[in-house]
Amino acid sequence: MKIKAIYILGAALLWSQFGFAQSEDEPKLEINGFVRNYTGVLLAPPNEYSIIQNTLNLEFRLQSDKFALYANPYYFQYPNKDDEFKLREAYVDIYLDKFDFRVGKQQIVWGQADGVFITDIVSPLDLTDFLLRDFNEIRIGVNAAKINYYPNYDHSFELVLIPSFTPSIFPSDIWEPTIDFPAPPTFDTSNIEVPFSLESSEVFLKYSLSKSWADIQLMGAYTWDDAPTMHVTQIAPPDPNAPSLLIKPEYHRLALAGMSFNTDIQGFVLRGEGAYYFDKYYQTLDPTAKDALVQKNFINYVVGLDKSIGDWKLSAQFIQRVIIDYDESIKDEEVDNLATLLISKSMFRETVRLEWFSYYGFNNNDALMRIRGFYYPMDAVSLELGANIFTGSKGMFGQYDDNDMMYVRIKYNF
Amino acid sequence: MNNNQNFNKMKNLKLITATLGIALLAAIIPVKLKAQTGEEIAWKVYNRASPSDGESDMTMTLINSKGKERVRYLHQFLKDYEEVEKKVMFFKAPADVKNTSFLNYSYDDDRDDDQWLYLPALKKVKRISGGSKDDYFMGSDFTYEDLEKRSPKKDVHKLLKQETLNGEQCYVIESTPKEEGQYSKRVAWVIKDKWIPLKIEFYDEDEELLKVLTIPEFKQINGYWTIITQDMRNVQRSHKTVIKLSNIELEKGLGDEKFTQRAMMKGL
């Protein structure tokens, strides 16, 4: 695998030195990518490595005025676990006067929020390393057909059809969440597969209005919940004093309708998005509930404000999720509040940048603080030194209180 | 999230009006030579003829005090809609910002510019907030205001003298802002028959010389005097920035579709 990656890198570097554009009408081939080392160490003794990852990321693009071919293979090499060599995206674009078509494996990004996913639910997430991957590496490409229709310059429609369901990848290794079961669980994954059929396909529709005073999007989706629902039943134990739980994970349908917007007000960018989700399954303690589940609608929204002042960039977001028609037996809280804050400062003619990005969960008083410094000694080369600090004892971030880490990333783009 | 680096760089891209050589330093209609006041000269520079649209390649070279260079390559399209000027810029190099694009709407009235940024790694177009006009553009020695068309109404102009510079007969005018700004004054050498400032000195708040802009190369394209190369040198910090245009095409009849979010995402 390593030799294969080295060959690919060598070929890509060689090819990228040549220009392939013969004329404006002829397709031109471009090869770009990056190599990166990412090494992190846990701050808690015995200071084990949280990650050692070497990356080769390649992008091949053959483009003309009427069509494009694109492929983005990547290779993660780990000294301490299995390597990963996959295609993040591989698709064909066709450009017509009022239509664009994209068919193939693709990442699709919707919405206005940064770091939270409300209407941005087309591509599932790779949460192997929790939320610490770059955003373009956290989304999983889906096999989809995407059609964009532009009746004029201000309005557009986007239709996405996904014939095969791709679930999110959940945190693993040191990021695996701890779940307390009231009794020893037995897992039965016989229902976890979503069959490949027309009935199983997903459909997403978005309308966009783009004006100088605002950008507005309306969206709707008939999709799958990317997280499996745990169907829990108590099974008859051999020892009546030691009850056991049978847990059957299963994916369920999810429908939603939402909107997003952004606008500039006196030099501040105000942006937001929200969605109403229908019939999501929640765990309940109600003993009469089948499989310990109840279906509820919920609302999820974010409001954010951005401002640039000189070399400073400030951005804050407030995110709230509310379960409709809540009852007290539901394990999740009725209202969940979250905030994010970004403070960034560039210096020395943009060769140095310092950044603070944090999530704060109000319900559990927990947080993730990402403090980073970037140094760009030359074009296309970056050296990043950072720390990820988790605070709190429970909640989305507090559960990782033992995973505070420092890391260094060295990256070369070509 | 490394794309935040790109975001920071790109959000600084507002108002690069001068890059097509049609803004502050642009050409003007030849007029009959006569005695001029400082204000008349400033208005002649401001009221220059400019093309309705155009495109060009652009190279921006940042040179530090040790002579080390960093180079950015772009391609840009511009179209004047009378009340609004639309501009879209595509980054070609270096590799970490390649295929990033920036769309700017600049209004004739006092409205702030509207700006959007497309980062290919994020795969979405973001509206970005306008920074201060005193901010430096992409880490260069040009502030946004340096690259903008500045109304003569904002300054008091005085004709200091007439002299020859680089073989061109020039008026030397001093422009002092009526309201406090990033510079205490500017002194410009304006070519008499072309109305292009061949050189501008910028003085800081302490009235010390801060920067010197020179125009090593300009030429007439489609009847418009166009700045080809601009050299901005910070004399206090001994670094400079050179902006050079090439493959300039004016009055192409560019379509409106060039200045849309769809075009930003599609790229060059």
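How much area is buried between chain A and chain B? About 4600 Å², and carbon and sulfur atoms give 43% of that. Buried area here is the accessible area (1.4 Å probe) that two parts lose on being put together, summed over both.

## Ground rules

This is a predicted model, where local features need pLDDT of at least 70, side-chain atom pairs count only at pLDDT 80 or more, and totals for chains, interfaces and linings use all residues. Residues are numbered from 1 along each chain as its sequence is written, chains are lettered from A and ligands numbered from 1 in the order in which they are written, and side-chain values use heavy atoms, with hydrogens and water left out.

## Where the chains meet

Let's look at who touches whom. On one side, 61 residues of chain A are in contact with 53 residues of chain B (contact means heavy atoms within 4.5 Å). In chain A, the residues that lose the most area to chain B are A:R349, A:E350 and A:D379, together 18% of what that side buries.

The rule finds seven salt bridges across the interface of chain A and chain B; a salt bridge is a side-chain nitrogen of Lys or Arg within 4 Å of a carboxyl oxygen of Asp or Glu. B:K98 forms a salt bridge with A:E30, and their closest N and O atoms are 3.5 Å apart. Strand β19 (residues 366-378) of chain A gives the most to the side of chain A that touches chain B, with five residues. Strands (E, at least two residues) and helices (H or I, at least four) are DSSP runs, numbered from the N terminus.

## Chain A as a whole

Chain A has three helices and 21 strands. Its radius of gyration is 23 Å, close to the 22 Å that the globule rule gives for 414 residues, so chain A is as compact as a globular protein of that length. That radius is taken over C-alpha atoms, and the globule rule is 2.2 Å times the number of residues to the power 0.38. Along its principal axes, the C-alpha trace of chain A spans about 75 × 55 × 50 Å.

## A closer look at A:R372

Back to strand β19 of chain A, where you'll find A:R372. Is A:R372 buried or exposed? A:R372 is buried, with a relative accessible area of 3%. Buried means under 20% relative accessible area, exposed over 50%, and partly exposed in between (1.4 Å probe, protein chains only). Of the 414 residues of chain A, 50% count as buried.
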